[in-house]
Amino acid sequence: MEGVTMTNASLTTDTQTNATLDAIAQGLAYSSRSPVLRTPANVGLDFEEISYPSSDGTPLEAWFIPCEGSDKLIVAMHAFGFNRYGFASHLEPWKSAFGPGNDTEIDFNLDYEILHANGYNVLAFDFRNSGLSSAANGGLQSNNKFETRDVFGTLAYIQSRPDLASMKLGIFARCMGANVTFRAIHTDPEAFAGVSCLVAPLLLSPGAFMETTLESAGLGDYAGEADRRFHAITGVSTEDGRTSTWAPSVTMPTLTYGVHDDVITRPSDLEEAYEAIGAKEKSMFWIRDTPRRWDGYKYFQRHPEQILDWFATHMN
């Protein structure tokens with residue numbers, strides 16, 4: 001009887017482990033869509049609902065928030081699973097997606113309100129398979145390969161509008177949005193010739209996320225197997241998504257920051273990416289005394305001065 005009990009316990013553990021490994025691999029491989037619950041009107045801003053194609057023709061949905069008399073434009077890009085509104089992490093199933101503490105609403109309209117009040121037009125869009133933008137590539141994310149086309153499409157749209165084409169351009173891209181921007185610059189640096197500067201907080205390589213997630217589940221020894229399953233879905237390894245690989249191509253003035261004790265990554269991942277950034281003018285700081293990544297997403301709303309100063313210095 002003892003042998004049967006041991007076998008059953010082992011089988012249960014293997015089943016749970018397999019389910020966890022599959023969930024992590026699939027969670028990284030496929031984009032996740034969450035609802036657009038608010039608009040800039042909720043913070044008193046006028047805006048245009050716009051739509052334009054990605055460089056491969058995928059229809060993208062966006063907001064353009066005009067700032068009268070301004071010749072400066074910030075393009076805002078969202079994180080994985082988020083959208084231009086932010087993230088409904090005060091509601092299930094999104095409330096449980098990223099662990100304790102990362103379970104309050106993220107509303108980027110508060111960021112747009114601050115940018116607008118400081119003299120910036122804002123264009124915020126949903127990546128493919130996110131928010132209200134169209135589905136594409138079977139929902140696969142594949143280390144941000146496909147999302148780079150959405151960045152190229154956005155830059156082309158800006159150039160197609162006479163009222164936007166001559167504006168001074170900055171990018172405020174968080175997490176996945178920052179990773180995508182790095183990869184897009186690496187792919188076609190000339191497309192970013194008109195970009196004055198970049199703010200790219202919370203850079204996160206998929207391998208670092210996978211490893212820390214497995215470690216928190218007591219499965220740190222299974223990183224190789226999880227990556228194998230990710231490869232079986234996407235055809236690429238998480239190593240191919242290491243942000244520092246693309247960072248040397250980023251030559252415009254770049255500011256980044258992160259949460260030092262963030263439980264879903266490790267400081268060395270952001271530090272490695274920062275060191276690899278090719279820009280002569282770059283800066284980085286840590287948000288400390290919190291393990292909550294969400295404090296990084298809300299940092300600009302609470303302490304906008306340093307980010308506003310970066311944009312003002314390089315866009316005036």
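Helices (H or I, at least four residues) and strands (E, at least two) are taken as DSSP runs and numbered from the N terminus. The structure is a predicted model, in which local features need pLDDT of at least 70 and side-chain atom pairs count only at pLDDT 80 or more, whereas totals for chains, interfaces and linings use all residues. Residues are numbered from 1 along each chain as its sequence is written, and side-chain values use heavy atoms, with hydrogens and water left out.

Helix α2 spans residues 109-117, and its buried residues (under 20% relative accessible area with a 1.4 Å probe and protein chains only; exposed is over 50%, partly exposed in between) are N109, D111, Y112, I114 and L115. An α-helix has 3.6 residues a turn, so residues three or four places apart point the same way. Just after α2, G119 adopts a positive phi of about 95 degrees.

Strands β1 and β2 run antiparallel and are joined by six bridges. In this pairing, P53 has P59 of β2 as its bridge partner. The hairpin of β1 and β2 has five residues between the strands, and G57 takes a positive phi near 95 degrees there. Strand β2 also runs antiparallel to β6, to which four bridges join it; the bridge partner of W63 in β6 is A124. Five of the seven residues of β2 are buried, so that the strand is mostly covered. In a regular strand the side chains alternate between the two faces of the sheet.

The loop between β1 (48-53) and β2 (59-65) holds S54. Because its relative accessibility is 4%, S54 counts as buried. Contacts of S54 (heavy atoms within 4.5 Å), leaving aside neighbours within four places in sequence, are made with L60, R128, R149, D150 and G153. Leaving aside neighbours within four places in sequence, T17 is in contact with L219 and Y222. The C-alpha atoms of T17 and D150 are separated by 35 Å, the two residues being 133 residues apart along the chain.

On a 1 Å grid over the protein atoms alone, a cavity is a set of points where a 1.4 Å probe fits but cannot get out, and a pocket is an open set with protein on both sides within 12 Å along at least five of seven lines; lining residues have an atom within 4 Å of a point. Grid points are joined across faces, edges and corners, and a volume is the space filled by probe spheres set on the points.

Two cavities of 30 Å³ or more are found in a search of the whole structure. The largest cavity holds about 70 Å³ of space, and its lining consists of L202, L203, G258, V259, D262, T265, R266, P267, L270, W286 and R293. By class (Ala, Val, Leu, Ile, Met, Phe, Trp, Tyr, Cys and Pro nonpolar; Asp, Glu, Lys and Arg charged; the others, Gly among them, polar), this lining has six nonpolar, two polar and three charged residues. Both β9 (254-259) and α9 (267-276) supply at least two residues each to the lining of the largest cavity. Strand β9 runs parallel to β10 (residues 282-287), with six bridges between them, and L255 stands opposite S283 in β10. Together, β9, α9 and β10 make a right-handed β-α-β unit (with the strands pointing away from the viewer, the path from the first strand over the helix to the second runs clockwise).

The second largest cavity contains about 30 Å³ of space. Its lining is formed by A76, M77, H78, N83, R84, F108, Y112, A124, F125 and R174, of which six are nonpolar, two polar and two charged. Strands β3 (72-77) and β6 (121-125) each contribute at least two residues to this lining. Y112 is also among the buried residues of α2, and A124 is the bridge partner of W63.

Two or more lining residues come from each of α1 (2-29), α5 (176-187), α6 (206-216) and α10 (294-297). Helix α6 gives the most, with five residues. The lining of the largest pocket divides into 21 nonpolar, twelve polar and one charged residue.

Note on methods. Pairing = 2+ DSSP bridges.
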